[in-house]
Amino acid sequence: MKRTIIKIDEELCNGCGECVTGCHEGALQIIDGKAKLVNEVFCDGLGACIGDCPTGALTLEEREAEAFDEAAVEAHVTGKKKAPEVHFAPIHQGCPGSMARSFEKPAGTSMVSGSSELQQWPIQLHLLSPSAPYLRGSDLLLAADCTAFSVGDFHSKYLKGKKLAIACPKLDQGREIYINKLINMIDDNYLNTLTVMIMEVPCCSGLLQIAKEATASAIRKVPVKLIQVSVQGQVLREEWI
């Protein structure tokens, strides 16, 4: 159908995020530093977000688009789940090594070359609680265990600004647990984006499949980026899927 819908001029967009908070339907997200329309059915075409944009990057246009779906918006905003609620074990079960910690660096902190960009602990997906406060509204990097050892600029280029979960699709047990955890992160903790980083070896594709199943089952729709690297750390593929 042809209807009025939001249009974003990425050249004018400075990624401030004012439009995201101004869109009560949750149709907009900041991805790679720019505002994006994540799903046409979430946009009512009324343009309430336009006045929040300080650069004039948002306008309305008439074009072919899916119809506005109020029921989908309600599910998207409230984070309702289709699947039964899954209860997970406590975050650290008394073990100091798996106790949840957030250590984002204060604004203005100077960074030296080669320093860590890790913002939280734990990072292993089995130990990570899907309801951890530091995950709320975050951009999550789901990385295969070997990637950080292969990619020399893993921290500065790929981890910076993101929360981290690591897993090995070949050696780890509990595939369904991983899927349910990701669903809970997306629907209950309002995950913003999901980046999946895997190696070129065939077994590593299982991590991407876990992410695909989770995002397909979640009520909220989050953008997913795939980054595939060679065993020598070369990026073979990087794209939103």
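Ile-179 counts as buried, at 4% relative accessibility; buried means under 20% relative accessible area, exposed over 50%, and partly exposed in between, with a 1.4 Å probe and protein chains only. The structure is a predicted model, in which local features need pLDDT of at least 70 and side-chain atom pairs count only at pLDDT 80 or more, while totals for chains, interfaces and linings use all residues. Residues are numbered from 1 along each chain as its sequence is written, and side-chain values use heavy atoms, with hydrogens and water left out.

Ile-179 is placed in helix H5. Helices (H or I, at least four residues) and strands (E, at least two) are DSSP runs, numbered from the N terminus. Leaving aside neighbours within four places in sequence, Ile-179 is in contact with Ile-210, Glu-213 and Ala-214, where contact means heavy atoms within 4.5 Å. From C-alpha to C-alpha, Ile-179 lies 9.9 Å from Leu-207, although 28 residues separate the two in sequence.

## Packing of H5 against H6

The axes of H5 (residues 175–187) and H6 come within 8 Å and cross at roughly 45°. Such axes are lines fitted to C-alpha atoms, for helices over the stretch in contact, and angles run from 0 to 180 degrees between N-to-C directions. H5 and H6 are therefore oblique to each other; angles under 35 degrees count as roughly parallel, over 145 as roughly antiparallel, 65 to 115 as roughly perpendicular, and the rest as oblique.

H5 passes H6 in a right-handed crossing, a term that applies if the near helix is turned clockwise from the far one by less than a right angle, with anticlockwise giving a left-handed crossing. On the H5 side, the residues involved are Arg-175, Tyr-178, Ile-179, Leu-182, Ile-183 and Ile-186. They meet Gln-209, Ile-210, Ala-211, Glu-213, Ala-214, Thr-215 and Ser-217 in H6.

Two strands pair if DSSP finds at least two bridges between them.

E7 (residues 139–144) pairs with E8 in the parallel sense over five bridges, and the bridge partner of Leu-142 in E8 is Ala-165. E7 also pairs with E9 in the parallel sense, over five bridges; here Ala-143 has Met-197 as its bridge partner in E9. E9 and E10 (residues 224–229) are parallel too, joined over six bridges, with Lys-225 in E10 as the bridge partner of Thr-195. The chain crosses from E9 through H6 (residues 205–217) to E10 in a right-handed β-α-β crossover. This handedness means that, with the strands pointing away from the viewer, the path from the first strand over the helix to the second runs clockwise.

Seven of the seven residues of E9 (residues 193–199) are buried.

Met-199 is also among the residues touched by Ser-150, the others being Ser-230, Val-231, Gln-232 and Gly-233 when residues up to four places away in sequence are not counted. Ser-150 is found in helix H3 (residues 147–150) and is buried, with a relative accessible area of 18%.

## Backbone features

E2 (residues 28–31) and E3 (residues 34–37) run antiparallel and are joined by four bridges, with Ile-31 opposite Lys-34. The two strands form a hairpin with two residues between them. At 55% relative accessibility, Asp-32 counts as exposed.

Tyr-190, likewise not a glycine, has a positive phi of about 50°. Tyr-190 is found in the loop between H5 and E9 and is partly exposed, with a relative accessible area of 23%. A cis peptide bond joins Trp-121 and Pro-122, with omega about 0°; Pro-122 is placed in the loop between E6 (120–121) and E7.

## The chain as a whole

The chain contains six helices and eleven strands. Buried residues make up 41% of its 241 residues. Among contacts between residues at least 6 apart in sequence, 70% join residues at least 24 apart.
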